[in-house]
Amino acid sequence: MTNLPQDRTGRAISLSEVSDDNWRAVADVAPHDEQRRFVAALGARYLLLSMRGGLWHSLAIQADGAVVGHVMWAHDSDDGTHWIGGMLIDAVEQGKGVGRAALQATIRLLSGLPGAREIRLSYHPNNTAAARLYTEAGFRPTGDTEDDEIVVARAVDTTPAAARG
Ligand SMILES: CC(C)(COP(=O)(O)OP(=O)(O)OC[C@H]1O[C@@H](n2cnc3c(N)ncnc32)[C@H](O)[C@@H]1OP(=O)(O)O)[C@@H](O)C(=O)NCCC(=O)NCCS
């Protein structure tokens, strides 16, 4: 069985498909009010983007099976990179290590996909929490920008644990 990453309270952090059972909880995921200048006000916005856009794939972030956040990923068929977006931890669940564990789980997931080589994402330069989280996880600026956001990248994880997903 795959070792799941844990948050600081020892809860197992996992990613699951959005389903008939959990979509309402994912839609209700909400950041702190002051974070709305960086991200959508609700997980619902990202869920709709996934459903309507045909590019992004939304996942529920769970702590011991309960929905605590949203993340989505995409494959850029032009250059073969994989992208992470819409990382949103519910306000009451922030600061407990969920974001770090969920990022680790997402990197593992993408690293196990056929042909995966580089993972990219973007964040607003004033989003210090995101900047620290992603820099600690090895993401470095590519020099590109997306709208007003910095694009960063890292190689996929090639350790055997990552390959097992
Ligand atoms: C960014 C976000 C996903 C982090 O999730 P989290 O569960 O709160 O983060 P964690 O508790 O796992 O913390 C991991 C690291 O992130 C950084 N971090 C998290 N919150 C931070 C804060 N308020 N200020 C500075 N750094 C912070 C720290 O480096 C932290 O490590 P440390 O605790 O050892 O210092 C969360 O704050 C969030 O959902 N923000 C709103 C949405 C957003 O900005 N998403 C990213 C868009 S690109």
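Does Asp-147 count as buried or exposed, and how many C-beta neighbours does it have inside 10 Å?

Analyst: Asp-147 counts as exposed because it has 6 C-beta neighbours inside 10 Å; for C-beta atoms placed from the backbone, the cut-offs within 10 Å are 20 or more others for buried, 12 or fewer for exposed, and partly exposed in between. The model is predicted, with local features requiring pLDDT of at least 70 and side-chain atom pairs pLDDT 80 or more, while totals for chains, interfaces and linings use all residues. Numbering starts from 1 along each chain as its sequence is written.

Asp-147 lies in the loop between β6 (140-146) and β7; helices (H or I, at least four residues) and strands (E, at least two) are DSSP runs numbered from the N terminus. Its phi is near 55°, a positive value in a residue other than glycine. Most residues other than glycine have a negative phi. Asp-64 is a further case, with a positive phi of about 50°, and it sits in the loop between β2 and β3. Asp-64 is partly exposed, because 14 other C-beta atoms lie within 10 Å.

Ala-137 counts as partly exposed, since it has 18 C-beta neighbours inside 10 Å. Beyond four places in sequence, Ala-137 is in contact (C-beta atoms within 7 Å) with Leu-103, Ile-107 and Arg-154. Trp-23, by contrast, is 114 residues from Ala-137 in sequence and 28 Å away in space, C-alpha to C-alpha.

β7 (149-155) itself supplies at least two residues of the largest nonpolar core, which has 37 residues; such a core joins buried Ala, Val, Leu, Ile, Met, Phe, Trp, Tyr and Cys through C-beta atoms within 7 Å. Further elements that each give at least two residues include β2 (57-63), β3 (66-75), β4 (82-89) and α4 (128-136). The largest share, 7 residues, comes from α3. Ile-13, Ile-61, Val-71, Ile-84, Val-98, Ala-102 and Leu-121 have the most contacts inside the core. Among these, Ile-84 touches Val-71, Trp-73, Thr-106, Ile-119 and Leu-121, when residues up to four places away in sequence are not counted.

β4, α3 and α4 also each supply at least two residues of the shell around the ligand. α4 gives the most to that shell, with 6 residues.

Technical notes:
Two residues are in contact if their C-beta atoms, placed from the backbone, lie within 7 Å.
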